[in-house]
Amino acid sequence: QAYRHRLRPRTHYSLGWLPRWARLASRMPRLANRMLTVRPLAAIGKRLAGVDARRPLPTFATQTFRQWFAGHESPAAGTAGSAGSPGPAAAGSPGTDPVLLWVDTFTNHFSPEVGIAAVRVLEAAGYTVRIPEPGLCCGLTWISTGQTDAARRILRRTVAALAPYAEAGVPIVGLEPSCTAVFRADLPELLGTRDAAVSAVADGTRTLAELLTDRPQWTTPRLDEVRAVAQPHCHHHAVLGWQADQSLLRDAGASVDVLGGCCGLAGNFGMERGHYEVSTAVAEVALMPAVRAAPPDTVVLADGFSCRIQLDQLAGKRGRHLAEVLSDALDRR
């Protein structure tokens, strides 16, 4: 409301429009990364974008998840990955249950290894993985910067594309907690619950752990060797619920220390100029002391892209998504 019909802060256009800039950068990722990492160029870019000078900027993957998936051969269909159709998979194939994997901006452009691991786990669970058409977005970065009119327009297009899957009973699986939470909570709040398509998408969206724990024929690979510190993303904790993740890890034999509180980055907040001290102070409440006290071989579970950025920048530690931990366990099994 404060910025309605007014010029917004620079971060609302730089970070708030991140999916647009990421799509442009994916055409020339190496050039984009050079501009983000060469010190004089990065300093100018951060100043123009309203980003704190002490924050390194995350770099773009040279191959997006969508690019990888286009060449991926599904063990069920024996063909390269595609968006597919909402209907069931081919009868008699090893994975006859379709699942729609939501391709968020962070997984696609920054952490494609998370999406690749998720595809591997879902296929091992007997699913045929499909992805939605390109150009769709959940509108998270517009929502988090208060640009709700734009978010509604974006979400209407996305609902129109996802609703046929949800209405056909195909589960929609999200990997980035904040994006998944948009479909479960922000979507009905912004577009209303009277629209059957909106309700179908909201009700049909699952986290990876929720999907797997409800799959009787799936046996989680043993994680007895895994000792982990878990930093649940704030949206995961408050909107989606982390109980399914905790149950899956416990039943698989993992030893997990679950942290309370926020990592401190909080999406745009920790990147913006003027917030660095607060952001790092929040990280020192629980996350950083736990990481420093943990043995070197401890896995730090962090499904949220923001949490992984904070870990990397403040602790020099690579956070691992649940999909990656499960994919590694498939190798051991």
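The largest pocket holds about 1300 Å³ of space. The structure is a predicted model, and the description here is drawn from that model.

The lining of this largest pocket is made up of 49 residues. Those nearest the centre of the pocket are Ser14, Leu15, Leu18, Trp21 and Leu57. Several helices contribute at least two residues each to the lining of the largest pocket: helix 1 (10-14), helix 2 (18-25), helix 3 (29-37), helix 4 (39-49), helix 8 (140-144), helix 10 (177-191), helix 13 (234-240) and helix 17 (305-315). Helix 4 is the greatest contributor, giving six residues.

Attention can now turn to the second largest pocket, which contains about 360 Å³ of space. Here 16 residues form the lining, and Ser111, Phe305, Arg308, Ile309 and Asp312 lie nearest the centre. Helix 7 (112-124) and helix 17 each provide at least two residues of this second lining. The largest share comes from helix 17, with five residues. By residue class, the lining of the second largest pocket comprises seven nonpolar, four polar and five charged residues.

Technical notes:
Residues are numbered from 1 along each chain as its sequence is written. This is a predicted model: local features need pLDDT of at least 70, side-chain atom pairs count only at pLDDT 80 or more; totals for chains, interfaces and linings use all residues. Side-chain values use heavy atoms; hydrogens and water are left out. On a 1 Å grid over the protein atoms alone, a cavity is a set of points where a 1.4 Å probe fits but cannot get out, and a pocket is an open set with protein on both sides within 12 Å along at least five of seven lines; lining residues have an atom within 4 Å of a point. Grid points are joined across faces, edges and corners, and a volume is the space filled by probe spheres set on the points. Helices (H or I, at least four residues) and strands (E, at least two) are DSSP runs, numbered from the N terminus. Ala, Val, Leu, Ile, Met, Phe, Trp, Tyr, Cys and Pro count as nonpolar, Asp, Glu, Lys and Arg as charged, and the others, Gly among them, as polar.
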